[in-house]
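Hello,

Here is the structure you were waiting for. Please open it alongside this note.

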Amino acid sequence: MTYARKRVSRPSKRRNTAPEERDSLPVLDDFIDTRNFIGALTFLEHMSHSHQTIATKPNGVDEISKPIKHWMAYCNYHLGKYEEACDLYRELLNSEREPSYYLDIACCEVMMGNIRDAEINARKGPQCTLRERVEFLIAAMQDDGSKMLPVSQRAGGTDQTFEICQNQLCQAAVHFLNGRYTEAVAIYDRLTQQHPDFPAIRIYQAYCNFKLEYYDKALQAVQEYLTVNTRSPTALNLLACINHKLYNERANSLEIIRSIEESSYIPPSTEMVIKHNKVVFKHGEDSLQVLPPLTEEFGEAKQNLIIFYLKNDLIQDAYAMMRDHQPTSNIEYTLKGIVLTLIGQSQAELGGTVSEEHIGTAQKMFEVMGSSPEDCDTVSGRQAMASALFLKGKFGESLKYFESIEQFFISDDAFNMNYGIALASSGRYGSAEGVLERIETEKIKNEDMAYANWMARCYCLNGHAERAWDLYLTRKVFSMDDTENLDVSMEDNSNLYGLLQVIANDCYRTGQFLYAARAFQELIKIEDNEAFVEGKRAACVGIFYEIMIGKRSYSNSQQREELNEAVNILQADRTDHQAQNYAKVMMEWGKKNIGMNFSDDGFDFRGGHPTRREDDYDSNLDDDEMEEESDIESDDQ
């Protein structure tokens with residue numbers, strides 16, 4: 001962005017008469033007024049063979065004669081060829097000894113980034129408003145807040161002096177350079193009303209509104225500017241960026257970029273920006289080839305390279321770029337916060353603990369962005385504040401920020417993940433389930449255990465235990481190298497161990513005892529823990545109790561199925577005598593009350609402990625024979 005580094009386009013006061021109507025050749029004014037600087041240079045080179053100076057009519061009446069080299073330098077400057085312009089101004093300075101050329105040289109040095117040389121040349125120029133503005137801009141670029149645009153009586157009083165257009169533009173440029181876009185756009189809005197015949201201010205308005213994420217306003221401003229300067233590479237590039245943000249349509253943005261590339265001339269700086277933006281519009285394609293060489297030219301290239309690393313799980317590469325980097329913009333604070341959060345959490349995934357140092361620093365980074373006056377009401381600012389509160393564990397407070405921007409991130413899986421967890425942590429499990437189910441990324445659904453645990457919790461606490469159990473079975477099969485081996489060690493499947501604990505405990509709390517019993521049984525296979533054994537027994541008793549009192553409106557077949565599974569779970573451990581006694585009571589009740597025939601399932605009573613028959617089922621035994629056989633064996637004991 002080069003606010004106030006370019007001179008404001010002045011409205012043409014001359015009569016717009018076509019060359020053929022004048023019966024004469026084109027004049028320099030024709031090219032300058034239409035900003036056809038390439039045509040102007042060609043015209044000037046032709047005229048230089050026979051003329052040393054050339055006259056223009058800036059006000060449409062009075063002719064002003066200046067050296068051809070002056071106009072050649074002017075055209076090169078506006079084409080972005082600052083070195084060529086600077087060399088021409090130096091030649092003019094050496095030949096004419098005119099001090100005002102020091103200020104022209106200073107402007108070129110500013111654009112080339114040679115701030116120290118610009119400062120030296122500016123001091124050699126005559127005392128005037130241009131020098132004041134150049135020195136003010138240089139001081140701002142050096143973070144020197146002591147310089148102010150002076151207020152004098154030259155322009156007719158304090159208020160009138162400060163309100164002149166050039167000083168206002170310079171002040172707006174400094175606001176923009178410091179990221180104070182609200183202050184900058186306020187100046188541009190005021191100047192647009194005061195000077196509607198200065199169309200260049202529209203493009204400045206568009207840039208500020210784009211930075212503030214007011215894309216509709218930015219689109220309106222840039223379209224108004226393009227009606228005046230249809231071939232402007234800067235305006236067309238900004239239009240492509242706005243189109244990408246508003247509609248995320250890759251084809252349209254790339255089509256606009258192609259129209260720029262077909263131009264007869266593209267300034268080198270604009271050419272680099274276009275190369276960078278093509279990568280963005282292609283959603284990161286060719287990032288590693290295009291972006292690294294551009295990181296020293298402008299910060300956006302570095303930011304987008306870090307984003308590429310993050311999206312491709314190259315966390316250490318992103319951390320290497322941000323570790324020692326001190327953020328200078330709000331977007332960099334956000335990026336560093338994301339990188340530090342991922343690094344802090346990755347240590348826990350590797351078997352350690354979450355790095356409180358990294359997480360604490362990440363919180364501060366997000367707070368800088370979220371509390372910034374410029375960004376606090378933008379989508380990015382609210383997202384950053386939501387992240388800061390989320391990391392602090394203030395989930396309830398974070399929800400007002402998540403909810404305010406939800407409409408912009410309906411399809412964003414990372415947003416839905418964090419938003420869903422915040423909802424669940426605040427006890428809003430119904431809403432959380434709906435948000436988490438919006439996630440479509442297969443890697444998250446199949447590998448991210450945080451997603452699985454929170455999804456399972458929501459299912460269980462919302463009364464959908466069967467979905468939680470299906471989630472566990474899917475994860476179990478996915479995590480196995482050999483899917484036929486369903487018994488796994490805790491060391492190999494510690495993540496499944498955590499998921500089972502969520503299902504077991506939450507299903508028990510909500511009275512979904514069948515799935516609680518299943519989960520406790522799986523936990524026992526992983527770790528022989530007395531708490532799990534007791535949990536299994538209690539869950540099975542819960543199943544039996546609900547069937548006994550008719551709490552659930554099950555059919556007889558459903559009752560038999562659940563009771564039969566409870567008996568199977570209880571009798572799985574032959575050494576757990578208490579569980580075996582529970583199973584015996586359940587089977588006896590089942591036979592007497594809901595017509596269960598356990599002989600059909602191969603159960604036998606020997607020494608009071610139900611065991612699986614070694615022979616096949618005896619399908620000819622009826623209920624009375626089974627009871628008689630059981631009584632005989634019990635009497636024998």
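Below is what turned up, starting with one threonine and ending with the cores.

The model is predicted: local features need pLDDT of at least 70, side-chain atom pairs count only at pLDDT 80 or more, and totals for chains, interfaces and linings use all residues. Residues are numbered from 1 along each chain as its sequence is written, and side-chain values use heavy atoms, with hydrogens and water left out.

**Thr-341**

Thr-341 sits in helix H20, residues 330-349. Helices here are DSSP runs (H or I, at least four residues), numbered from the N terminus. Thr-341 counts as buried because its relative accessibility is 10%; buried means under 20% relative accessible area, with a 1.4 Å probe and protein chains only. Its side chain reaches the backbone oxygen of Gly-337 at 2.7 Å. Leaving out residues up to four places away in sequence, Thr-341 touches Ile-359, Ala-362, Phe-366 and Leu-391. Contact means heavy atoms within 4.5 Å. His-358 is 17 residues from Thr-341 in sequence, and 6.4 Å away C-alpha to C-alpha.

**Cores**

A nonpolar core is a set of buried Ala, Val, Leu, Ile, Met, Phe, Trp, Tyr and Cys residues joined through side-chain atoms within 4.5 Å. The largest has 97 residues. Val-339, Leu-499, Ile-503, Leu-563 and Met-586 have the most contacts inside it. Helix H30 (residues 513-526) gives this core its largest share, 10 residues. A second, separate core has 43 residues, including Phe-43 and Cys-170.

Best wishes

Notes: Helix = DSSP H or I, 4+ residues; strand = E, 2+ residues; numbered from the N terminus. Buried < 20%, exposed > 50% of the residue type's maximum accessible area, 1.4 Å probe, protein only. Polar contact = N/O pair within 3.5 Å; in protein donor to acceptor, adjacent residues only side chain to side chain.
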